[in-house]
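This report describes the strand layout and the charged side-chain pairs of one protein model. The sequence and the model are shown first.

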Amino acid sequence: MPVPYIRFALPDDDEALGRLDRATWSTLHAVRPREQPPYEPFFSERFGPRDHLVAETGGRIVGYVRMGFAIPLPSNVHVRQIQGLAVADEARGQGVGRALIRAAVDEARRQGARRITLRVLGHNTPARKLYESEGFVVEGVQPGEFYLDGEYVDDVLMGRGL
């Protein structure tokens with residue numbers, strides 16, 4: 001697979017991103033139930049196109065990362081948080097997730113952030129290894145925070161300086 005082109009999402013990406021989000025849904029990373037039709041728009045008042053970086057290969061969206069503020073307070077504006085990451089099944093293992101993480105780190109830095117954080121489910125070993133390889137460290141664990149597929153799952157906070 002060629003190196004993905006990373007760009008900000010556009011309003012016209014709503015449908016493609018919604019399809020990608022539904023296709024990649026899994027309790028490995030999702031804490032909400034699987035979405036059912038009729039589907040809500042992907043973009044919302046809370047998260048619009050400028051809050052998403054997308055990865056494209058061959059003119060097709062194969063991944064996205066959502067960025068936001070962990071805490072909407074002036075005292076926390078120096079921190080950005082990755083609040084969603086998805087990679088199409090056929091693009092996994094091809095460096096798309098890594099490219100999106102690096103782009104998110106670069107964008108957070110460009111916006112003047114000093115730190116970037118994320119939350120990941122404790123059982124999501126592939127994602128945790130990716131984040132660790134990109135300099136994120138575990139900063140906290142909320143044991144048994146979610147009940148998914150009959151199991152209690154930890155919520156892990158990871159972060160890194162910029």
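## Terms and model

A residue is called buried when its relative accessible area is under 20%, exposed when that area is over 50%, and partly exposed in between. The model is predicted.

Strands β5 and β7 (residues 151–161) run antiparallel and are joined by 7 bridges. Within this part of the sheet, Ile116 stands opposite Arg160 in β7. Strands of a sheet pair through backbone hydrogen bonds, in either a parallel or an antiparallel way.

## Helices across the sheet

The whole structure contains 11 salt bridges. One of them links the side chains of Arg7 and Glu56, at 2.8 Å from N to O. Arg7 belongs to strand β1 (residues 5–8) and Glu56 to strand β2 (residues 52–57), so this pair ties together parts that are 49 residues apart in sequence. Glu56 has a relative accessibility of 17%, which is under the 20% limit, so Glu56 counts as buried. Arg7 is buried too, at 13%.

Arg115 and Glu139 also meet in a salt bridge through their side chains, at 2.9 Å from N to O. Because Arg115 lies in strand β5 (residues 115–121) and Glu139 in strand β6 (residues 137–148), the pair ties together parts 24 residues apart in sequence. Arg115 is partly exposed at 27% relative accessibility, and Glu139 is partly exposed at 37%. Elsewhere, salt bridges with shared partners join Arg7, Asp13 and Glu56 into one network.

## Salt bridge within a helix

A further salt bridge joins the side chains of Arg19 and Glu15, at 2.9 Å from N to O. Both residues are in helix α1 (residues 14–23), where they are 4 residues apart and so separated by about one helical turn. Arg19 counts as partly exposed, with a relative accessibility of 44%, whereas Glu15 is exposed at 56%.

Key:
Residues numbered from 1 in each chain as written. Predicted model: local features only at pLDDT ≥ 70, side-chain atom pairs only at ≥ 80, totals over all residues. Heavy atoms only, no water. Salt bridge = Lys/Arg side-chain N within 4 Å of Asp/Glu carboxyl O. Helix = DSSP H or I, 4+ residues; strand = E, 2+ residues; numbered from the N terminus. Buried < 20%, exposed > 50% of the residue type's maximum accessible area, 1.4 Å probe, protein only. Pairing = 2+ DSSP bridges.
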